Amino acid sequence: EYIREQVEEAKGMPSKEAMVRRLHFCQWTDAESTWITRDIWEKAEDNIQIEDFYGEACYGGLDLSFTTDLTALALVFKRADIHYLFLFFWKPKQGLREAEKKDGLEYKIWADQGFLELTEGKVIKLGPIAHKLAWVQDNFDLKNIAFDKYRHKELAESLSDLGFEIPM
């Protein structure tokens, strides 16, 4: 009866599912705690490319950084009841090995695989981010970009130099 109750509770609470699987059924799980079930994740996983969304409406989120953090751009597209998310990341090239050691992450491999763009020098240059935003505005129906105010004036200048005004 106890296990039945645990299973029923886990059905409505993905964060508990991994614990129930591990402790009561001796099943390996990907994480100690999750907020989305593997079944849902696998249904959502698809081999799509951002180019599949040319001309479609999108919304973005931008978090700029300077030297040690990643700069990130997220773009969201909605088709029917499904949201599609594409992420872009930047980090300075200089000091990358030290950052890998400090953070315990493989930035160079991510860059080689195309998941991380490296900018020249010690700080993240805003030119590549401005170029990416200009590309987004040219290829999609960009509705708005939410952003952290850090370095936003610098970015606006870079965009202006390219002849772009992004809805932010």
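**Entry 1: strand pairing**

I began with C58 and looked up its bridge partner in β5, which is L142. The model I am reading is a predicted one. I then checked the two strands as a whole: β1, residues 57-63, pairs with β5 in the parallel sense, and I noted six bridges between them.

Next I wrote down the sheet. It is open, has five strands and runs in the order β4-β3-β2-β1-β5, with mixed pairing. Which strands stand at the edges? They are β4 (117-119) and β5 (141-147); each has a single partner strand, so one side of each is left without a neighbour in the sheet.

I then listed what T119 touches, leaving out residues up to four places away in sequence. On one part of the list are W90, K91, P92 and K93; the others are I124, K125 and P128.

**Entry 2: A111 in helix α5**

I moved on to A111, which has its place in helix α5, residues 107-112. A111 has a relative accessibility of 19% and therefore counts as buried. With neighbours within four places in sequence set aside, I found A111 in contact with L116 and L118. W90, already noted as touching T119, came up again here as a distance: the C-alpha atoms of A111 and W90 are separated by 9.1 Å, and the two residues are 21 apart along the chain.

**Entry 3: salt bridges**

How many salt bridges does the structure hold? I noted eight. Side chains of opposite charge can pair when their charged atoms come close.

E56 lies in the loop between α3 (38-44) and β1, while R79 is in strand β2 (residues 71-79), so the pair ties together parts that are 23 residues apart in sequence. I have E56 as partly exposed at 24% relative accessibility. R79 also counts as partly exposed, at 32%.

R97 and E100: the closest N and O atoms of this salt bridge are 3.0 Å apart. Both residues are in helix α4 (residues 96-103), and because they are three residues apart there, about one helical turn separates them. R97 is partly exposed, with 49% relative accessibility. For E100 I noted a relative accessible area of 14%, which means that E100 is buried.

D141 and K143: I recorded a salt bridge here with 2.9 Å between the closest N and O atoms. The β5 range, 141-147, takes in both numbers. D141 is partly exposed at 34% relative accessibility, and K143 is partly exposed with a relative accessible area of 39%.

Technical notes:
Residues are numbered from 1 along each chain as its sequence is written. This is a predicted model: local features need pLDDT of at least 70, side-chain atom pairs count only at pLDDT 80 or more; totals for chains, interfaces and linings use all residues. Side-chain values use heavy atoms; hydrogens and water are left out. Two strands pair if DSSP finds at least two bridges between them. Helices (H or I, at least four residues) and strands (E, at least two) are DSSP runs, numbered from the N terminus. Contact means heavy atoms within 4.5 Å. Buried means under 20% relative accessible area, exposed over 50%, partly exposed in between (1.4 Å probe, protein chains only). A salt bridge is a side-chain nitrogen of Lys or Arg within 4 Å of a carboxyl oxygen of Asp or Glu.
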